Amino acid sequence: MTETRKPVGMELHHAIVSHYSAEARMLQNQQYREWFDTVIAEDIHYWMPVYEQRFVRDRRPEPTPGDAAIYNDDYGELKQRVDRLLTGQVWMEDPPSRIRYFVTNVEAFEIAPFEFEVFSNVLVHRNRRQSEVYVHTLGREDKLRKTGSGFKVFSRKLNIDARVVQDKNLYFFV
């Protein structure tokens with residue numbers, strides 16, 4: 001934690017945690033259009049970089065948005081993924097997965113008026129078909145903007161912990 005970050009107060013922290021609970025509920029209930037329309041800002045950068053496990057002495061820089069990524073979406077690309085999923089013709093999601101999201105360890109800092117940097121941990125428990133069960137843990141780095149109707153995510157970096165993902169696909173939102 002750097003000294004330039006100002007932690008938010010308890011009331012604002014509670015509002016941010018409530019925002020994440022509502023977001024998780026929308027995703028769990030497959031309300032992807034509502035999630036997109038109410039949570040996602042038009043200047044979103046939704047990014048899940050590919051990380052290498054490196055030795056401590058390997059000093060190469062961390063991935064950037066220009067490097068290979070699992071997701072590296074802007075508003076239009078994210079909207080396209082939501083629209084495609086809503087067609088019912090995404091074979092890897094037919095029948096749809098049953099997913100539970102657990103968001104914890106939420107830390108929020110004010111970075112500008114009405115803008116916040118938020119760190120959280122997310123556990124995604126996904127059931128597909130009869131016997132496919134996958135568990136993903138991620139660190140999430142968000143930038144939120146407070147609007148008249150709540151919070152909008154304008155930057156989301158997803159740091160998946162597994163170096164090799166055993167899941168057959170990652171066609172879900174976090």
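The second largest cavity is lined by six nonpolar, no polar and two charged residues. Here Ala, Val, Leu, Ile, Met, Phe, Trp, Tyr, Cys and Pro count as nonpolar, Asp, Glu, Lys and Arg as charged, and the others, Gly among them, as polar. This is a predicted model, in which local features need pLDDT of at least 70, side-chain atom pairs count only at pLDDT 80 or more, and totals for chains, interfaces and linings use all residues. Residues are numbered from 1 along each chain as its sequence is written, and side-chain values use heavy atoms, with hydrogens and water left out.

Stay with that cavity. Its lining residues are Tyr20, Glu23, Ala24, Leu27, Tyr101, Val103, Arg140 and Val174. Its volume is about 30 Å³. A cavity is a set of points, on a 1 Å grid over the protein atoms alone, where a 1.4 Å probe fits but cannot get out; lining residues have an atom within 4 Å of a point. Grid points are joined across faces, edges and corners, and a volume is the space filled by probe spheres set on the points. Which element gives the most to this lining? It is α1, with four residues. Both α1 (10–28) and β4 (98–112) supply at least two residues each. Such helices (H or I, at least four residues) and strands (E, at least two) are DSSP runs, numbered from the N terminus.

The structure holds two cavities of 30 Å³ or more. The largest cavity has a volume of about 60 Å³. Among the residues that line the largest cavity are Leu27, Tyr32, Glu93, Tyr101 and Phe172. By class, the lining of the largest cavity has eight nonpolar, one polar and one charged residues.

Now follow α1 to its neighbour. The axes of α1 and helix α2 (residues 32–39) come within 8 Å and cross at roughly 150°. Axes are lines fitted to C-alpha atoms, for helices over the stretch in contact, and angles run from 0 to 180 degrees between N-to-C directions. The crossing angle therefore makes α1 roughly antiparallel to α2, a label for angles over 145 degrees. α1 passes α2 in a left-handed crossing: the near helix is turned anticlockwise from the far one by less than a right angle.

Next comes the sheet. Seven strands form an open sheet with mixed pairing, in the order β1-β4-β5-β6-β7-β2-β3. Its edge strands are β1 (6–7) and β3 (69–73), and each pairs on one side only. Two strands pair if DSSP finds at least two bridges between them.

Look along β6. Strand β5 (residues 115–128) runs antiparallel to β6 (residues 132–147), and 14 bridges join them. Which residue of β6 is the bridge partner of glutamate 117? It is lysine 143. The hairpin of β5 and β6 has three residues between the strands, and arginine 129 there takes a positive phi near 50°.

On to β7 (residues 150–160). Ten bridges join β6 to β7, and the two run antiparallel. A hairpin links β6 to β7 through two residues. Threonine 147 stands opposite glycine 150 in β7, and arginine 145 stands opposite lysine 152.

Last, the largest pocket. Its volume is about 200 Å³. Of the 13 residues that line the largest pocket, Tyr51, Ile160, Asp161, Ala162 and Arg163 are the closest to its centre. A pocket is an open set with protein on both sides within 12 Å along at least five of seven lines. By class, the lining of the largest pocket has eight nonpolar, two polar and three charged residues.

Conventions. Angles under 35 degrees count as roughly parallel, over 145 as roughly antiparallel, 65 to 115 as roughly perpendicular and the rest as oblique.
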